[in-house]
Amino acid sequence: MTQTPYTDGTLVRVEGLKKHFPVGGGLFKRAKSHIYAVDDVNFAIQKGKSLGLVGESGCGKTTTGKMLARLHDPTGGHIFLNDAEVGQVDLAEVKGAQLKTFRRRVQMIFQDPYESLNPRRTVFDTVVEPLVVQGIGDIVEREERVAGLLDMVGLTPADTFMFRFPHELSGGQRQRVAIARALIIDPAFIVADEPTSMLDVSIRIGVMQLMQELADRFGVSYLYITHDLAVARYMCQDIAVMYLGKLVEMAETEELLAHPLHPYTQALISAVPIPDPRVKRETLEIMGGIAQPIDPPARCRFYDRCPFADDFCRDNDHPPLEDKGDGHKVACYKV
Amino acid sequence: MSLILSVHDLTMHYTTRKGEVSAVDNVSFDLAKGQSLGLVGESGCGKTSIAFALMRLLPENGVIKEGYIMLNGKDIVAMDYADLLKVRWRKIAMVFQAAMNALNPVYTVGQQITEALELHLSNISPAQARERIAILFELVGLDPVLMDRYPHEFSGGMRQRAVIAMALSCSPDIIIADEPTTALDVIVQDRILKRIRELQRELNMAMIYISHDIAVIAEVSDRIGVMYAGRLAEMAESADIFERPLHPYTYALMGAFPSIKGKRRDLKTLPGEPPDLLDPPPGCRFHPRCPYATEVCREKQPDFMPVNGAARSDLTHGHYVACWHPMQGVTL
């Protein structure tokens, strides 16, 4: 499994990633249909850079993130992690004891800090757990590391926070605990699933800035999952847009926001309210609403809602993600 | 502009086992006919409590300590239940935050709106009710055939539209919208915001739109009130709030909001967290987080006053701020 690492600075490369959930099946009955939650997704994340995965609810962004952290097993495809410590591994095929080794390199931060922390555990117990699971250090070293990390995430002085329980912390503080837990074993890569969407504005920016500082300091990359393009703009160098299980567009952040090529991206960007009453927006109206991708037809997933779709779009398979120059990739026949 | 709602020095507490929570403190604002006021602030700043006080839907432990809410010359705070029924829904209606919870799952959407119509408009026949619901559904952009369906058959956006239709059912003068689009995806949110704004203008209703999202507030409000820790920090015409914020909190809030348009500004953090309202700080409630706080801020609560020394009168226009050291000449 271990091959020579790529030399082009790629940290994660996802190829043909798929996750199909069966629907309507039972204990003795085969499922008749499947939800194509993630369907043939390809992207790469460079070392030290972050990719924003953006889309509406149900587009498959969280499922993608969970597969990268191997909380879901992929139905198909590859997730190559190219890491100095463990070499090149296909995460999609890792099993058992190997999975534990690799969890040292990939961590996850969840959306809701009220749900993702065990209410019966102190901050210390929560943050130290990855070290215990991985058998790193003795009790003295562990305590030092936890204290050091709590300082870094702004829970200072650390000894006043160590033995508190989650209910004694505010939402922002809880999310800082979750960040500390993700970072304690020095991962190369973190899947962050809407880590700031539950936080209030004045708290949110602090957590976003902390995540950026720590990324620079530890050289860690994020897959930053969010529905909020404005947040992605501040957190990520590149943005990938998902629609019904497919990546429809991917580009450098400012390029994507300034020159969106896919009609869905254009509609999405034009619908974002602007915090300035002087700005008047022109909206690109798209038809209908988002559906569930249950056994979808082979054609473009956006066909039913696209204002530019024609017979060619109807009669052909979902368009491939193609580079239109300077790494701006789009999956649309009309571009 | 004629005044239709006047809230004066509203002060409201929640009684809890730990003590009194000072949720709304000395809040005053006025609303003119057809005007839309956005109330913006973070969770726990008292914006939803104000909405519930206006509808007199406060939970049992919510007590209005002081102040009055004058609606067409009558004080809602002092009203008895019979009078309240005449006002609620017919004069002032509310679109609730969680559309899923605002609808009863065992009745069709049409039945629920009919119930509201029958309760508040005494002599309406079932046929008239159906006719009216059909009109309402078209207003909010729903197909009238959907009135015989159950809430679970609706998507999130459709449910929110149904709840808006219900709020409009008795042609209120004032509509209160409490974060109606917060749980929705951006494309659906955009459509609903536009429809709300159009309806508010077409029907010449006054609106109080409550949100934590200053970008959403900017889209729907003529006037904006910024709340912090139970008090109004600043209130002005939308453009003035954005172009000339005077309260350091308003300024901080603007600086903390990422936008996808314009140059990528550096976002500014605001140190600390909002205060615990069981034991709010003395003086200005923002002083522990304020970079400009001085002795007077720590001791005395600043009055909510018009700027440039104008006399305090009608709050439907003008720029008001509660700050000892309002920021001058700051442009964003």
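Two residues are in contact if their C-beta atoms, placed from the backbone, lie within 7 Å. Keep that rule in mind as we tour this predicted model, in which local features need pLDDT of at least 70, side-chain atom pairs count only at pLDDT 80 or more, and totals for chains, interfaces and linings use all residues. Residues are numbered from 1 along each chain as its sequence is written, while chains are lettered from A and ligands numbered from 1 in the order in which they are written.

**The sheet in chain B**

- Helices (H or I, at least four residues) and strands (E, at least two) are DSSP runs, numbered from the N terminus.
- Eight strands of chain B make an open sheet with mixed pairing, in the order β6-β7-β8-β3-β9-β10-β12-β11; two strands pair if DSSP finds at least two bridges between them.
- At the edges stand β6 (92–95) and β11 (305–306) of chain B, each with a single partner strand, so one side of each has no neighbour in the sheet.
- Strands β10 (residues 231–237) and β12 (residues 320–321) of chain B pair in the antiparallel sense over two bridges, and E234(B) stands opposite V321(B) in β12(B).
- Helix α10(B) lies across β9 (223–228) and β10 of chain B, running at about 100° to β9(B). For such angles, axes are lines fitted to C-alpha atoms (for helices over the stretch in contact), and angles run from 0 to 180 degrees between N-to-C directions.

**Where the chains meet**

- In all, 31 residues of chain B are in contact with 33 residues of chain A.
- On the side of chain B that touches chain A, α8(B) gives the largest share, five residues.
- By class, that side of chain B has 17 nonpolar, seven polar and seven charged residues. Here Ala, Val, Leu, Ile, Met, Phe, Trp, Tyr, Cys and Pro count as nonpolar, Asp, Glu, Lys and Arg as charged, and the others, Gly among them, as polar.

**Buried places in chain A**

- A residue is buried if 20 or more other C-beta atoms lie within 10 Å of its own, exposed if 12 or fewer, and partly exposed in between, with C-beta atoms placed from the backbone.
- Helix α1 (residues 61–68) of chain A is largely enclosed by the rest of the structure, because seven of its eight residues are buried; among them are K61(A), G65(A) and L68(A).
- After α1(A) comes R70(A), with a positive phi near 55°.
- A251(A), found in strand β10 (residues 246–252) of chain A, is buried because 24 other C-beta atoms lie within 10 Å.
- The C-alpha atoms of A251(A) and D238(A) are separated by 5.7 Å, although these residues are 13 apart along the chain.
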